[in-house]
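Subject: Structure handover

Hi,

Here is the structure I promised to pass on. Please open it first, then read the notes below.

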Amino acid sequence: MSQPVMEPCLRQPTWLWYEDGMSRAIARRAYAPKLPARIVQRASKGGFTSLVRSLYLRNLAAIHAMLLEGELCARWILDRRALEASLAAVPDAGDHLYVRIMRFVDVQAWLAARRG
């Protein structure tokens with residue numbers, strides 16, 4: 001990035017970037033009168049975590065079965081009760097617990113593929 005762009009960006013305190021779980025709080029507030037409400041109210045710009053959240057919510061039943069009946073729980077690598085509690089929670093956009101759960105899904109899928 002160029003210096004004239006970076007300097008003003010770096011002058012903004014990082015704790016002002018987020019407000020009520022929403023990223024880009026300053027910009028959203030500044031441009032709110034000119035933007036559709038849907039854009040102003042969304043929690044993030046989108047990206048990888050938005051995709052992961054969408055996949056998580058769309059496949060929740062399969063994720064439950066895969067993890068709770070999988071090798072990670074069977075071998076006590078994951079605490080079944082803690083996992084059940086985490087899976088029962090409805091993730092909001094600011095909570096990235098679902099990203100961690102999807103990492104467990106990756107490991108479980110890898111283990112299942114190795115077993116054949």
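This is a predicted model: local features need pLDDT of at least 70, side-chain atom pairs count only at pLDDT 80 or more; totals for chains, interfaces and linings use all residues.

Glutamine 108 touches Met66, Leu67, Gly70, Glu71, Leu72 and Arg115, leaving out residues up to four places away in sequence. This glutamine sits in helix 8.

Next, methionine 102. This residue also belongs to helix 8. Is methionine 102 buried or exposed? Its relative accessibility is 16%, so methionine 102 counts as buried. Which residues is methionine 102 in contact with, once neighbours within four places in sequence are set aside? They are Val52, Leu55, Tyr56 and Ile63. For a distance check, take methionine 102 and leucine 57. They are 45 residues apart in sequence, and their C-alpha atoms are 11 Å apart in space.

Now the core. The largest nonpolar core has 16 residues. Those that touch the most other members are Tyr56, Ile63, Leu67, Leu83, Leu87, Ile101 and Met102. At least two residues of this core come from each of helix 4, helix 5, helix 6, helix 7 and helix 8. Helix 8 gives the largest share, six residues. As background, nonpolar side chains tend to be buried together in soluble globular proteins.

On cavities, the structure holds one of 30 Å³ or more. The volume of the largest cavity is about 40 Å³. Its lining is made up of Tyr56, Ser86, Ala89, Pro91, Asp95, Leu97, Tyr98 and Ile101. By type, the lining residues divide into six nonpolar, one polar and one charged. Helix 8 (residues 97–115) supplies the largest share of that lining, three residues. Two of the lining residues, Tyr56 and Ile101, are also among the core members that touch the most others.

One backbone point to check. Tryptophan 76 has a positive phi of about 65°, although it is not a glycine. Most residues other than glycine have a negative phi. Where is tryptophan 76 found? It is in the loop between helix 6 and helix 7. Its relative accessible area is 74%, so tryptophan 76 is exposed.

Arginine 11 is part of helix 1 (residues 3–11). Its relative accessibility is 60%. The cut-off for exposed is over 50%, so arginine 11 counts as exposed. How far apart are arginine 11 and alanine 112, and what separates them in sequence? The C-alpha to C-alpha distance is 49 Å, with the two residues 101 apart in sequence.

That is the handover. Send any questions back to me.

Best wishes

Technical notes. Residues are numbered from 1 along each chain as its sequence is written. Side-chain values use heavy atoms; hydrogens and water are left out. On a 1 Å grid over the protein atoms alone, a cavity is a set of points where a 1.4 Å probe fits but cannot get out, and a pocket is an open set with protein on both sides within 12 Å along at least five of seven lines; lining residues have an atom within 4 Å of a point. Grid points are joined across faces, edges and corners, and a volume is the space filled by probe spheres set on the points. Helices (H or I, at least four residues) and strands (E, at least two) are DSSP runs, numbered from the N terminus. Ala, Val, Leu, Ile, Met, Phe, Trp, Tyr, Cys and Pro count as nonpolar, Asp, Glu, Lys and Arg as charged, and the others, Gly among them, as polar. A nonpolar core is a set of buried Ala, Val, Leu, Ile, Met, Phe, Trp, Tyr and Cys residues joined through side-chain atoms within 4.5 Å. Buried means under 20% relative accessible area, exposed over 50%, partly exposed in between (1.4 Å probe, protein chains only). Contact means heavy atoms within 4.5 Å.
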